[in-house]
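Have a look at the sequence and the 3D view, then read on.

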Amino acid sequence: MSFVVINFVRQYQRQQGYDPRPIGMTMQFPVADQTLVNAPLFDGPADWISPGYDDEIYREGGHPSAPGGTPSRWLDNPPPADGRKVLLSDTDHFAPGQGDALWVWKAFLRGHNPILMDYGLIDGVPSSQDAFEPARQAMGDTRRYAERIDLIGMPPRGDLTSTGYALAHPGKEYLILRPAGTSEVFTAELSAGGYTTDWYAIDERTSLPGDEITVPSDGLVKFTVPSTIHGPAVLHLAATTIRDQ
């Protein structure tokens, strides 16, 4: 039925001479096989989609938010966007009542548009508004980074870093998330050239300019989160000179 409605709206827009508008589709619930819940979204005609939990562990039933439930990958380790659809990741569909700053950054670095089901703003739902404040702030922080970087030219490239989370235009610009709250070394595969470095502390919401670096040849470069940053961090690299691509 959703496909019929989407196609009808598109036909109506054409008949009326309207400029086309993006049309979305969200997770359908319940379904016979939860692991297939997102197939109609990715294979269907919608321009943007809002997926739901499709973890194998919930094939036979259950829910990630149930007592003792295992977090869905969409919260814990979001799958990277592959460009087929615009992804609006809504915690209502895989982690109701959950969602913190780190989840927002994970989703953003995997090419998603994170949406928080904010129980703190829903009348009649017992919840502490303060519990959702870090996620709210992180959505604003990622929005500002999205406007700062060349987002359209930076698809998810988790393969370029040992952390598994990166948006990158190789040789030009990289945004890398270090999820762990330690100063352990991580690596990034960079193209040769010079880069400015800037760190962002997710929990403290503070920026720390780093030293300019020179990468003599294409390959892995080691980075260590500054000792003054406690918790997860983001590293922004911007080329000082752009090589011919």
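## The ground rules

This is a predicted model, in which local features need pLDDT of at least 70 and side-chain atom pairs count only at pLDDT 80 or more, while totals for chains, interfaces and linings use all residues. Residues are numbered from 1 along each chain as its sequence is written, and side-chain values use heavy atoms, with hydrogens and water left out.

## The whole chain

The protein chain has five helices and 12 strands. Both are DSSP runs numbered from the N terminus: helices are H or I with at least four residues, strands are E with at least two. Along its principal axes, the C-alpha trace spans about 55 × 45 × 35 Å.

Of the 245 residues, 44% count as buried. Buried is under 20% relative accessible area, exposed is over 50%, and partly exposed is in between, using a 1.4 Å probe and protein chains only. As for contacts (heavy atoms within 4.5 Å), take those between residues at least 6 apart in sequence: 60% of them join residues at least 24 apart.

Helix α5 covers residues 133-148, which makes 16 residues. From first C-alpha to last, α5 reaches 23 Å, close to the 22 Å expected at 1.5 Å a residue; the expected span is 1.5 Å times one less than the number of residues.

Which residues of α5 are buried? They are A135, A138, D141, T142, Y145 and A146. Seen down the axis of α5, these buried residues fall within an arc of 145°, so they line one face of the helix. (The arc is that of the directions from the helix axis to the C-beta atoms.) On the other side of α5, R143 and E147 are exposed. And what covers the buried residues? The cover includes α4 (101-109), β6 (173-178), β8 (193-201) and β12 (233-239).

## Rings that meet

A pair of aromatic rings is described by the distance of the centres and the angle of the planes. Here, rings of Phe, Tyr and Trp (its six-membered ring) pair if their centres lie within 6.5 Å; planes under 30 degrees apart count as stacked, over 60 as edge-to-face and the rest as tilted. By this rule the count comes to 13 aromatic pairs. One of them joins W105 and Y145 edge-to-face, at 5.5 Å centre to centre with 75° between the planes. W105 lies in helix α4 and Y145 in helix α5, so this pair ties together parts that are 40 residues apart in sequence. W105 counts as buried at 0% relative accessibility, and Y145 counts as buried at 6%.

In another pair, the rings of F186 and W199 have centres 6.2 Å apart and planes at 80°, so that pair is edge-to-face. F186 sits in strand β7 (residues 185-190) and W199 in strand β8, so the pair ties together parts 13 residues apart in sequence. Both F186 and W199 are buried. Ring pairs also link W105, F108, Y145 and Y200 into a cluster.

In soluble globular proteins, nonpolar side chains tend to be buried together. A nonpolar core here is a set of buried Ala, Val, Leu, Ile, Met, Phe, Trp, Tyr and Cys residues joined through side-chain atoms within 4.5 Å. The largest has 37 residues, and those with the most contacts inside it are W105, F108, L109 and L175. The elements giving two or more residues to this core are α2 (39-43), α3 (73-76), α4, α5 and β6. Its largest share, seven residues, comes from α4.

Leaving out residues up to four places away in sequence, F108 touches T142, Y145, A146, L151, L167 and L175. A second, separate core of 20 residues includes A166, I176, L190 and I229.

## A few loop residues

Q98 is in the loop between β3 (86-90) and α4, and at 29% relative accessibility Q98 counts as partly exposed. Not counting residues up to four places away in sequence, Q98 touches P64, S65, L75, T91, L116 and F132.

P226 is found in the loop between β11 and β12. Buried or exposed, which is P226? P226 is buried, with a relative accessible area of 19%. Beyond residues up to four places away in sequence, P226 touches W199 and L208.
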